[in-house]
Structures are given as C-alpha cells and as structure tokens.
Amino acid sequence: MRSWPSSLLGKTSGVTGPSRLWLVPRSRSLFITDNSQSIETDATRPSKRASPLKWLPDGLVQSSRKLGGHTTTAQVHPGLMTKFLAETFLTSPNTSLVLGRATSLSLTDDRAKSVAVEPLWGGEKMDLPADVVVLAAGPWTGKLAVDLLGKQIGGRLGVTGHRAHSIVLKTKDELSAHCLFTNMAMADGSQGEPELYARPDGTTYV
Ligand SMILES: Cc1cc2nc3c(=O)[nH]c(=O)nc-3n(C[C@H](O)[C@H](O)[C@H](O)COP(=O)(O)OP(=O)(O)OC[C@H]3O[C@@H](n4cnc5c(N)ncnc54)[C@H](O)[C@@H]3O)c2cc1C
C-alpha cells in the first residue's frame with residue numbers, strides 16, 4: 001500500500017492511505033513503512049550522478065525524486081494481510097470460511113436463497129444458504145455478476161479489468177524498504193515503467 005504518485009492523484013478517486021493500516025498490529029509484519037522514490041534510468045547513456053540507493057549501481061539513475069517517507073508511505077503484503085483478516089474474522093462466534101469459486105445463485109421470490117460454490121481444493125460442489133450476497137470480486141465483479149444474475153441484469157454492472165503482469169524476485173541481498181516508481185529506457189530503445197517494492201523478507205515484488 002502506498003501514497004499514489006502525484007501524477008496519478010488527479011485521476012484517482014478513493015485513494016487509500018497507510019493510515020487505515022494502523023488498525024493491524026505492527027508486530028504481525030503485515031506491512032512496512034517505506035521510502036517511495038520515482039527514478040528515471042536510460043541504458044543508452046551512462047549517468048554521471050551518484051546512485052540514490054546503495055543497492056542500485058552508479059551510472060544507472062539519470063534522475064530521482066522522493067515521493068514519500070516512513071511517516072507517509074507503507075506497503076502491505078497482500079497474502080499475509082488476507083490471512084490475518086480471515087483469521088481475525090474466524091475468531092468471531094458462528095463464522096466459517098469457504099474458499100471456492102461462486103458459480104451460480106438461487107433465488108426465492110427475487111431474494112437470495114443460496115450460492116453454488118466449487119471448493120478451491122476440489123471436492124463436491126456445495127450450496128451455501130444465503131439471505132444476503134455481496135459481490136466483491138475485484139476486476140472479476142462484472143463477470144461474476146453475469147454468472148450469478150444472468151447477462152440481462154448482471155451485464156448492466158459493466159465492471160471490467162485490465163491485464164497486468166507481476167513477478168516476485170528473491171534477491172541475493174536484503175534490500176532496504178523502498179518502493180521505486182520507475183521510468184526506464186532500455187538499451188534497445190524500448191521503454192518501461194515497472195514498479196518495484198522491496199520487502200523485508202528478502203523478496204522484491206515487481
Ligand atoms: C499491480 C497492482 C498494484 C496495485 N497497487 C496498489 C497500491 O499500491 N495501493 C492501493 O491502494 N491499491 C493498489 N492496487 C489496487 C488494489 O489491489 C485493489 O484496489 C484491491 O485489491 C481491490 O480489492 P477487492 O477486494 O475489491 O478485489 P480483489 O483484491 O481483486 O479481490 C477479489 C477476489 O475475488 C475473487 N474472485 C473472482 N471471481 C470469483 C468467483 N467467481 N468466486 C469467488 N471468488 C472470486 C478473486 O480470486 C479475488 O481473490 C493495485 C492493483 C494491482 C493489480
């Protein structure tokens with residue numbers, strides 16, 4: 001989780017900030033505060049500037065700008081955060097968690113009756129009784145609405161997603177807690193703007 005770069009702020013509504021995450025105990029290492037920096041590199045011409053970070057080689061970074069520091073930006077580990085929320089939820093009485101894919105919805109008198117779910121780890125499809133159903137499937141919400149409510153009603157939601165790719169690198173050295181928003185010119189003239197999130201567990205999310 002981070003403060004969005006100022007270039008995006010004008011276009012983004014509902015920006016979430018790290019302040020909300022203070023609800024989660026720090027001891028669980030679900031997030032770290034970090035320094036966020038925008039950097040520009042150009043592999044076709046070596047830079048004369050000293051590297052702004054110990055783990056980036058000299059001669060690489062053409063320009064850099066600080067976007068936020070430990071009091072204003074932080075990043076969260078999505079897997080650990082989701083696990084923490086699920087475990088916390090399960091400590092409440094009369095709760096259970098089913099991991100699976102919702103495939104259809106049964107109605108009685110136009111009200112929800114049950115949701116058919118294919119369990120994530122295989123096994124028989126199950127019908128979960130429900131009186132209220134919340135569609136919260138992120139970029140898949142539009143597709144889920146069509147699956148559950150049919151094209152005529154669900155299709156009117158119109159939520160779609162954009163495809164993006166990400167990888168997690170295991171680095172040889174542990175990197176400092178930095179988020180880098182880059183603008184990179186490659187040796188072959190191509191351009192890229194990958195974002196790098198160095199985590200305290202020795203991995204870096206790109
Ligand atoms: C590369 C990337 C970087 C981002 N960086 C930031 C950031 O720095 N700061 C920030 O605030 N936000 C960031 N976001 C946005 C943030 O991740 C989303 O806004 C947030 O995850 C949305 O949460 P959600 O619960 O609505 O949906 P999601 O987190 O997308 O969760 C939806 C869930 O629904 C499940 N699902 C789909 N179909 C079904 C089905 N049929 N049955 C059951 N389950 C189903 C999916 O598997 C998924 O687990 C980023 C997003 C991306 C892709």
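Q: How many residues does helix α2 (residues 78-90) have, and what does it reach from its first C-alpha to its last?
A: This is a predicted model, in which local features need pLDDT of at least 70 and side-chain atom pairs count only at pLDDT 80 or more, while totals for chains, interfaces and linings use all residues. Residues are numbered from 1 along each chain as its sequence is written. Helices (H or I, at least four residues) and strands (E, at least two) are DSSP runs, numbered from the N terminus, and the expected span of a helix is 1.5 Å times one less than its number of residues. Helix α2 is close to the 18 Å expected, for it has 13 residues and reaches 18 Å.

Q: What is the count of buried residues in α2?
A: A residue is buried if 20 or more other C-beta atoms lie within 10 Å of its own, exposed if 12 or fewer, and partly exposed in between, with C-beta atoms placed from the backbone. Helix α2 is hardly covered, and among its 13 residues the count is zero.

Q: Where does α3 bend?
A: Helix α3 (residues 141-154) spans only 9 Å between its end C-alpha atoms, whereas a straight helix of 14 residues would span 20 Å. The bend at a residue is the angle between axes fitted to the seven residues ending there and the seven starting there. In α3 this angle is about 100 degrees, at Leu 148.

Q: Which strand do the buried residues of α3 pack against?
A: The buried residues in α3 are Leu 144, Ala 145 and Leu 148. Two residues are in contact if their C-beta atoms, placed from the backbone, lie within 7 Å. The strand that these buried residues pack against is β5.

Q: In what order do the three strands of the open sheet stand?
A: Two strands pair if DSSP finds at least two bridges between them. The edge strands, each pairing on one side only, are β5 (100-108) and β7 (126-129). The pairing is antiparallel, and the order is β5-β6-β7.

Q: Which residue in the turn between β6 and β7 has a positive phi?
A: Strand β6 (residues 111-119) and β7 pair over four bridges. Val 117 stands opposite Met 126, and Ser 114 stands opposite Pro 129. The hairpin has six residues between the strands, and the residue with a phi of about 90 degrees is Gly 122.

Q: Is Lys 170 buried or exposed?
A: Lys 170 lies in strand β8 (residues 168-170). Leaving aside neighbours within four places in sequence, Lys 170 is in contact with Gly 202 and Thr 203. Because Lys 170 has 8 other C-beta atoms within 10 Å, it is exposed.
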